[in-house]
Amino acid sequence: MAQLIDKEILKDIFRFSAAQKSFSRKTAYLFKGLLFAPFLSRVVRKAAADDTVSASSQAGDDIYPLF
Amino acid sequence: MSNSAKKLTIRSGDVVFYQYDPLLGFWGVPNMERNVSFIGMNEGYVRVHHNEEGNRDKPIRNEKSGKTVLCLGGSHTWGAGVEQDRRYTEYLEEQCRCQVLNLGHCSLGLDQICLVILNKVDAYKPDVIVVEQYPWAIHRVLNTYVNGYTRPYFRLDETGALKLQKMSPLSRFKIFRRMIGSFYTFRKELREFKAGIELGHGYDPWSDPIFLYWKIPYYDYMYNLVDRILTVMQDFCRQKGIHLLFGLEAIMQQIHRKSPSALVDYELPHKRLKALLEKNRIAYVDASSTMLAENRADDPVVFADGHMNDKGHRLFAEELHKDMVKRGWLN
């Protein structure tokens with residue numbers, strides 16, 4: 001679980017849902033946040049990996065060629 | 001107006017003219033004809049007809065005679081609220097006496113326009129590409145889910161390299177688009193929350209954070225992204241020998257109100273976009289001063305929601321035409 005979900009993301013989700021104005025929105029945002037937490041964490045990990053790879057890689061399927 | 005076409009009333013966010021497109025996320029429905037009433041714009045009905053490619057334009061002509069100007073943009077280019085022959089593209093065609101094509105689509109972002117240029121324009125062999133950009137709408141490069149459609153998008157990695165995030169093949173199915181879109185929306189709202197930005201409930205167009213000086217740092221990433229997208233567009237056009245011209249209109253906030261504070265600048269998106277166009281040596285026409293000068297309470301240049309009306313389209317076409325003549329692009 002610790003690897004699947006980033007702790008900081010989890011804290012952000014709790015803060016974000018707590019900041020909603022009504023109880024129903026707080027619940028909905030918390031539910032959605034927990035559902036999406038693994039994907040949001042993956043985005044963070046991917047961004048960190050980009051940082052490592054990009055210095056050595058100039059091409060790839062999703063790196064758009066600049067003319 | 002054709003009486004045989006179905007009648008329809010359109011609100012902002014209606015997607016009746018769209019369909020899924022694997023390359024761009026969404027594109028116009030081909031061979032569609034409707035009589036449409038646009039809420040908040042005009043009274044009565046406007047005829048909307050899409051050609052066989054899904055563009056609100058004339059039927060495709062394969063033979064090329066003279067210069068071709070290809071116009072790309074969002075709902076202003078598509079002509080929300082106005083008849084087809086009252087759009088800037090049709091006025092431009094009259095003034096230029098050359099073929100002017102309209103590939104505008106509502107809610108199209110600059111990143112999608114870039115993908116159209118890279119993937120579609122070769123077929124039209126244009127001499128000039130005009131990109132109409134309503135400066136406020138530049139934020140669309142951050143919106144990855146629009147009106148029920150996910151779309152491809154560019155992003156910058158940690159080193160500043162531009163990457164294209166293609167769409168999942170599952171996006172062709174509405175249910176998956178909703179699921180992916182729900183994730184994209186949550187991710188965007190969370191980012192905005194962390195930056196102290198609230199665009200959802202109680203959104204006020206007069207204090208949109210894109211105009212606020214103290215929110216500039218949040219939008220730095222967006223403008224950096226736009227900078228790289230502009231570079232790609234300009235390089236492609238240079239390689240193909242196509243002239244690229246941006247057209248910027250006055251936005252609703254500039255026209256309807258004075259800024260309430262020195263820290264709220266309705267010209268901020270104009271200024272930052274123009275700086276990037278200059279940096280990339282891309283030609284542009286800023287029609288906002290002309291539009292503001294010609295705007296009258298009893299004879300406005302835009303509808304209440306900021307879309308150009310007939311007069312606005314005419315002025316915009318004149319500004320584009322003058323600029324292209326000055327540059328000698330129509331000779």
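1. In this predicted model, the axes of helix 3 (residues 110–119) of chain B and helix 5 (residues 216–240) of chain B come within 10 Å and cross at roughly 20°. Angles under 35 degrees count as roughly parallel, and helix 3 and helix 5 of chain B are therefore roughly parallel to each other. The crossing of helix 3 of chain B past helix 5 of chain B is left-handed.

2. On the helix 3 side of this contact in chain B are Leu110(B), Asp111(B), Cys114(B), Ile117(B) and Leu118(B). They meet Val226(B), Ile229(B), Val232(B), Met233(B) and Phe236(B) of helix 5 of chain B. By class, the contact has 9 nonpolar residues, no polar ones and 1 charged residue.

3. Helix 4 of chain B covers residues 174–194, which is 21 residues. At 1.5 Å a residue it should span 30 Å, and its end C-alpha atoms are 30 Å apart, so the two agree. The buried residues of helix 4 of chain B are Arg177(B), Gly181(B), Phe186(B) and Leu190(B). Just after this helix, Gly196(B) has a positive phi of about 70°.

4. Ala293(B) lies in helix 8 (residues 288–294) of chain B. Ala293(B) counts as exposed because it has 11 C-beta neighbours inside 10 Å, and the cut-off for exposed is 12 or fewer. Ala293(B) and Ile255(B) are 38 residues apart along the chain, with their C-alpha atoms separated by 9.7 Å.

5. Chain A has 2 helices and 0 strands. Of its 67 residues, 12% count as buried.

Definitions and conventions. Residues are numbered from 1 along each chain as its sequence is written. Chains are lettered from A and ligands numbered from 1 in the order in which they are written. This is a predicted model: local features need pLDDT of at least 70, side-chain atom pairs count only at pLDDT 80 or more; totals for chains, interfaces and linings use all residues. Helices (H or I, at least four residues) and strands (E, at least two) are DSSP runs, numbered from the N terminus. The expected span of a helix is 1.5 Å times one less than its number of residues. A residue is buried if 20 or more other C-beta atoms lie within 10 Å of its own, exposed if 12 or fewer, and partly exposed in between; C-beta atoms are placed from the backbone. Axes are lines fitted to C-alpha atoms, for helices over the stretch in contact, and angles run from 0 to 180 degrees between N-to-C directions. Angles under 35 degrees count as roughly parallel, over 145 as roughly antiparallel, 65 to 115 as roughly perpendicular and the rest as oblique. A crossing is left-handed if the near helix is turned anticlockwise from the far one by less than a right angle, and right-handed if clockwise. Two residues are in contact if their C-beta atoms, placed from the backbone, lie within 7 Å. Ala, Val, Leu, Ile, Met, Phe, Trp, Tyr, Cys and Pro count as nonpolar, Asp, Glu, Lys and Arg as charged, and the others, Gly among them, as polar.
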